[in-house]
Amino acid sequence: MQLTCLNETLSVGLSRVGRATFPRASALPILGHVLLDATPGALTLAASNLEWHVVQQIPAEVTDPGRVTVPAAAFAEWVKMLPGGLTSELTLDATSLTLSVACEPVKASFRGLDATEFPLLPEPDADSVEVEATALRAALTRVAFAASEDAARPVLMAVLAHFAGQTLTLAAADGYRLSEAHVPLTAPVAAPFDVLIPAPVLAEVQRLLGREGTVTLTVTDLRDRIALHFDATTVVSQVVAGTYPNYKAVIPTSTATEATLERAAVLHACQRARIFARDVGGMVRLHLDDTGLAVTAESTTGGEGSTVIPLVSQQGPALDIAFQVDFLIQALAALDTSLVGLRFNSARQPGVIGLTNADTFVHAVMPMDGGRQ
C-alpha cells in the first residue's frame with residue numbers, strides 16, 4: 001500500500017471514525033485500531049467496537065492499493081500534529097505490517113495488524129428511506145439526550161425509531177422525562193415498523209451530520225441492524241432487542257395552564273437557579289401566573305436566587321410546580337427556537353415543553369415532590 005493525502009483531510013477523517021474504537025478491549029486489541037483501506041482515488045477509514053462502526057472515505061492519490069489496521073489513538077494524535085497545508089506519504093511494508101508516514105522532515109512508523117481480522121458489521125441489504133440531514137440532526141439533538149444511562153434497562157438506553165407513512169418518529173425516555181420528535185421522510189414506507197437504536201450511536205450521528213444533503217437509512221429485514229449513509233460517512237449499528245414502553249401514556253392530552261416565553265430567558269433563569277439548587281437535589285420551583293414565570297431555587301446553606309421572566313402569552317390558572325433543574329436546562333438547550341411553550345395541569349403531573357409554531361416536538365418532565373425526583 002502506498003498513497004499520498006492531505007494532512008488535514010486525514011486528520012478530520014480519523015476524528016470522524018475515532019470514537020467508535022474500543023481501546024480497552026485487551027482480548028481483542030484490533031478494536032483499538034483503525035482500518036485503512038486504500039483503493040484507486042480514495043482512502044477508506046473505519047473503526048468498530050463490535051456493536052457499531054463508522055466508515056469514512058477521504059480523497060487520496062493511491063499508487064499501490066492495500067489494507068492494514070494501525071493503533072487508532074496514537075496514529076490520530078500523530079497525524080493531528082503534522083504540518084498543515086502539506087501532504088503525507090503513507091507506505092505499508094506488507095511483510096512486517098508496518099505503516100510508515102512521511103511528511104518531511106517528520107517521519108513515523110506504526111506497527112499494524114492484519115486487516116482481514118478487522119470486525120465490521122455486514123451492511124443491511126434492503127429497501128432504504130431518506131430524510132433531510134438538517135431535520136434529522138435537529139430531531140436527534142432534541143431526543144437522544146433523554147435516553148437512560150442505566151445498563152439495567154437496555155431498552156431505555158435506546159432511541160425508538162418508528163417508521164410509519166411518510167414520518168419517522170424518534171422517542172427517548174429514562175423514567176423521569178421523555179422526548180419525541182417527528183421527521184418527514186422523502187417517501188412513505190410500505191408498512192410501519194420500529195427499531196431501537198442505541199442512543200450513543202445516534203449521538204455520534206448527530207455529531208457527524210452536516211446541515212445539508214440527505215441521510216439514507218437502511219434496516220435489515222430481520223430488524224437487527226441499521227445503516228445510516230450521509231456525505232462520505234456510513235454508520236452501521238446493531239439494534240437493541242425488546243419492546244419499547246408505551247411512552248405516549250405519559251404525555252398529557254389536555255392542558256390547564258400554558259404559557260409562551262422567550263426560550264433563552266427561561267434557559268438562563270434555570271442556569272442561574274442551578275447555583276442554589278445543587279445541594280437540594282437540583283430542585284427549582286416555578287411559579288406561573290399572569291404576571292410572569294418565576295424560577296426560584298433555595299439552598300439549605302448558600303442562600304437563594306430567583307428570576308421573573310415576562311410572558312409572551314399565558315392562559316389558565318396560576319400554578320406552582322418543582323422540577324429537577326438539569327432536566328429543564330437540557331431540554332431548553334436542545335432547542336434552537338426563539339420561543340418555547342410550557343404546559344401544565346397540576347403540581348403532580350408532567351410538565352410539557354414544546355414548540356410554539358409546530359407539533360413536531362414534545363418533551364415531558366416529571367415534577368419533583370418534596371425535593372426528591
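Leu136, Leu140, Ala161, Phe163, Leu168, Leu170, Ile197, Leu202, Leu217 and Leu228 line the second largest cavity of this predicted model. A cavity here is a set of points, on a 1 Å grid over the protein atoms alone, where a 1.4 Å probe fits but cannot get out, and lining residues have an atom within 4 Å of a point. Helix H3 (133-143), strand S11 (158-164) and strand S12 (167-173) each give two or more residues to this lining; helices (at least four residues) and strands (at least two) are DSSP runs numbered from the N terminus. The lining divides into 10 nonpolar, no polar and no charged residues, where Ala, Val, Leu, Ile, Met, Phe, Trp, Tyr, Cys and Pro count as nonpolar, Asp, Glu, Lys and Arg as charged, and the others as polar.

Now let us visit the largest cavity. About 90 Å³ of space lies in it, the volume being the space filled by probe spheres set on the points. Among its lining residues are Val266, Cys270, Phe344 and Gly351. Strand S25 provides the largest share of this lining, 3 residues. By class, the lining has 11 nonpolar, 1 polar and no charged residues.

Finally, look at a pair of helices. Asn7, Leu10, Ser11 and Leu14 in H1 meet Phe75, Ala76, Val79 and Lys80 in H2, with contact meaning heavy atoms within 4.5 Å. This contact has 5 nonpolar, 2 polar and 1 charged residues.

A word on reading the model: residues are numbered from 1 along each chain as its sequence is written, and side-chain values use heavy atoms, leaving out hydrogens and water. Local features need pLDDT of at least 70, side-chain atom pairs count only at pLDDT 80 or more, and totals for chains, interfaces and linings use all residues.

Note on methods: 1 Å grid on protein atoms, 1.4 Å probe; cavity = no way out; pocket = protein on both sides within 12 Å on 5 of 7 lines; lining within 4 Å.
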